[in-house]
Amino acid sequence: MSVSISGKEARIDDLFSRDFVFRIPPYQRPYAWETAQAGELLSDLLDALGNTSQATLDHVAPYFLGSIVIIKAEGRPESDVVDGQQRLTTLTVLLAVLRAEIDDADMRAHLLNMIYEPEDRLRRRPARYRLSLRERDEGFFRKHIQNDGALDTLPDLNLKQLSDSQRNLACNAMLLRERVRALPLERRVLLAQYLVGHCFLVVVSTPTFESAYRIFSVLNDRGLDLSHADVLKADVLGAITPESEREAYAKRWEQIEENLGRDAFRDLMSYVRTIFARKKVEKSVLAEIREIVKPTGRPKWFVDDVLEPYADALDVIHTASYPTDGDAAAINGLLTWLGRIDNVDWIPAALVIVSRWQGSPEKLEIALTALERLASVLMVGRADINDRINRYAGVLAALETCGHDVEPARKEMTPKPGELEDACAVAEGDLYLNTKVRAYVLLRVDAALAESKVPNSDENPTVEHVLPQSPPEGSQWLSWWPDAAVREEWTHRLGNLLLLTRRKNAQASNDDFDTKKTKYFCTKGGVSNFPLTTQVLQEKDWTPAIVERRQAELVGVLKGTWAG
């Protein structure tokens with residue numbers, strides 16, 4: 001059966017009229033435009049308006065605002081917005097601002113009517129808003145934007161307590177109002193007249209979701225600014241029938257996205273692709289999810305068994321907050337250590353591990369211990385991205401086949417001899433010069449010395465030398481370290497390094513050992529927040545023999561940590 005598709009140009013005045021009642025369906029993403037986009041829209045309109053006066057307004061060039069895609073039955077105003085939410089919402093905000101900042105009563109009434117259609121009892125038309133947002137934002141939008149006088153409530157809001165979409169609405173409204181207020185009164189009127197009568201959108205409408213989505217997909221493939229998560233959402237929800245279930249799944253999807261945050265949710269889609277593909281991206285995240293995962297073939301399964309459990313797992317991973325009635329310190333400590341890895345290639349494996357064994361703390365701890373050890377070794381050994389991708393692909397393959405038996409996965413995550421050698425070579429060499437991992441290595445050793453399951457709470461300690469890099473002439477250092485070649489050999493190695501909570505007077509770094517310990521290394525009570533540093537405070541001398549002994553001890557501690 002053929003489905004009619006129509007496309008026509010419409011002025012803003014025609015769009016915000018009784019011919020259209022726009023609704024943002026629940027499967028759409030939240031309102032995401034920030035002040036940069038809203039401010040750019042107003043700037044573009046003012047630039048297009050130029051130096052136009054009332055006398056020349058009819059001759060000014062029109063301004064094209066792009067296209068929108070809606071689901072709309074012929075002859076009926078109800079219109080579900082498939083694409084165009086950001087522009088329609090921001091235009092509504094701008095209309096509300098102009099309504100508030102123009103003195104002319106007739107113009108204000110017309111602008112009010114473009115936002116809200118009052119009840120017409122004679123024609124039996126109910127009162128209704130021209131645009132209704134998703135259920136989560138609809139009440140906020142009416143109370144603080146659409147209603148007459150609503151903008152005055154915005155300065156009293158606590159923006160930190162709002163959702164991202166509501167904060168965007170409030171900030172955009174306040175920005176636009178501030179900028180419109182800065183215009184002369186006659187310029188505000190001209191802007192309103194130009195917006196309403198000389199700005200256009202192309203409205204593409206079709207009566208069914210399926211055909212609207214096909215249009216949406218074509219437009220997206222041609223470069224609409226949408227993430228793969230947005231398109232995948234339309235893919236999956238569009239495949240769910242009946243419509244009542246689609247609405248229910250749309251609310252669940254929206255809740256998942258809101259709980260994680262938009263950026264983390266977008267990342268989740270990439271992790272899901274990796275879990276199923278187990279290889280480097282060759283096409284695009286969206287194309288490979290469609291091709292390999294095939295979510296539209298089983299859309300409910302994708303939400304129930306993939307999206308929701310992995311989203312819950314990602315939240316646990318990001319927050320290091322494993323929920324259990326027992327002692328979760330070890331598990332959350334492992335998640336905290338993983339969070340300090342300088343890449344995210346380990347996260348897909350962690351998602352599978354956390355989602356699979358979240359009900360079995362013992363197995364979860366075994367698997368996370370192995371994963372953290374592998375991630376640590378690969379990071380410190382500076383394995384390149386292709387090596388990491390291939391290594392974690394093997395872990396994902398083992399996780400796929402091992403079921404609930406954790407041992408095969410643990411074995412696959414055991415660092416290989418070459419991987420351990422590379423990591424140990426970094427730890428044993430001039431560690432200070434390896435700026436990407438030096439603090440991490442020292443924190444790992446420090447935690448082992450403290451017999452702690454979690455890292456030190458100081459996330460950004462400084463790494464300092466005991467023997468200075470440039471000991472001054474006549475200092476005690478040179479009596480202990482007379483040979484320049486020996487000093488060069490040991491200055492930047494683990495045995496000569498410690499951690500400080502914050503950088504103190506850099507001049508003290510060249511003082512003699514006793515002075516340096518007092519001024520530079522210790523905190524109250526003659527100790528440090530770091531056991532690694534407290535060890536140094538307990539030494540009376542700092543000779544090559546002491547540093548060599550300490551080097552062997554600390555590298556041994558690190559190897560023991562990686563060996564398990």
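Trainee: How many positive and how many negative side chains does the chain have, and how far apart do the centres of the two sets lie?

Mentor: The structure is a predicted model, in which local features need pLDDT of at least 70 and side-chain atom pairs count only at pLDDT 80 or more, while totals for chains, interfaces and linings use all residues. Residues are numbered from 1 along each chain as its sequence is written, and side-chain values use heavy atoms, with hydrogens and water left out.

To your question: the chain carries 71 positive and 84 negative side chains, and 2 Å separates the centres of the two sets. Lys and Arg count as positive and Asp and Glu as negative, with His and the chain ends not counted; each charge is placed at NZ of Lys, CZ of Arg, CG of Asp or CD of Glu.

Along the principal axes, the C-alpha atoms fill a box of roughly 100 × 60 × 40 Å. The accessible surface is about 26100 Å², and carbon and sulfur atoms contribute 48% of that area (Shrake-Rupley method, 1.4 Å probe).

Of the 564 residues, 52% are buried, meaning under 20% relative accessible area with a 1.4 Å probe, protein chains only. Among contacts (heavy atoms within 4.5 Å) with a separation of 6 or more, 73% join residues 24 or more positions apart.

The chain has 25 helices and ten strands, which are DSSP runs (H or I, at least four residues; E, at least two) numbered from the N terminus. Helix 3, residues 85-101, is largely enclosed by the rest of the structure, because 16 of its 17 residues are buried. From first to last C-alpha, helix 3 reaches 24 Å, close to the 24 Å expected at 1.5 Å a residue; the expected span is 1.5 Å times one less than the number of residues. Helix 16 is mostly covered, with 14 of its 20 residues buried, and just after it Arg382 takes a positive phi of about 55°.

Lastly, Ala277 lies in helix 11, residues 262-277. Its relative accessibility is 15%, so Ala277 counts as buried. Leaving aside residues up to four places away in sequence, Ala277 touches Glu288 and Ile292. Ala545, 268 residues from Ala277 along the chain, has its C-alpha atom 52 Å from that of Ala277.

Terms used. Buried < 20%, exposed > 50% of the residue type's maximum accessible area, 1.4 Å probe, protein only.
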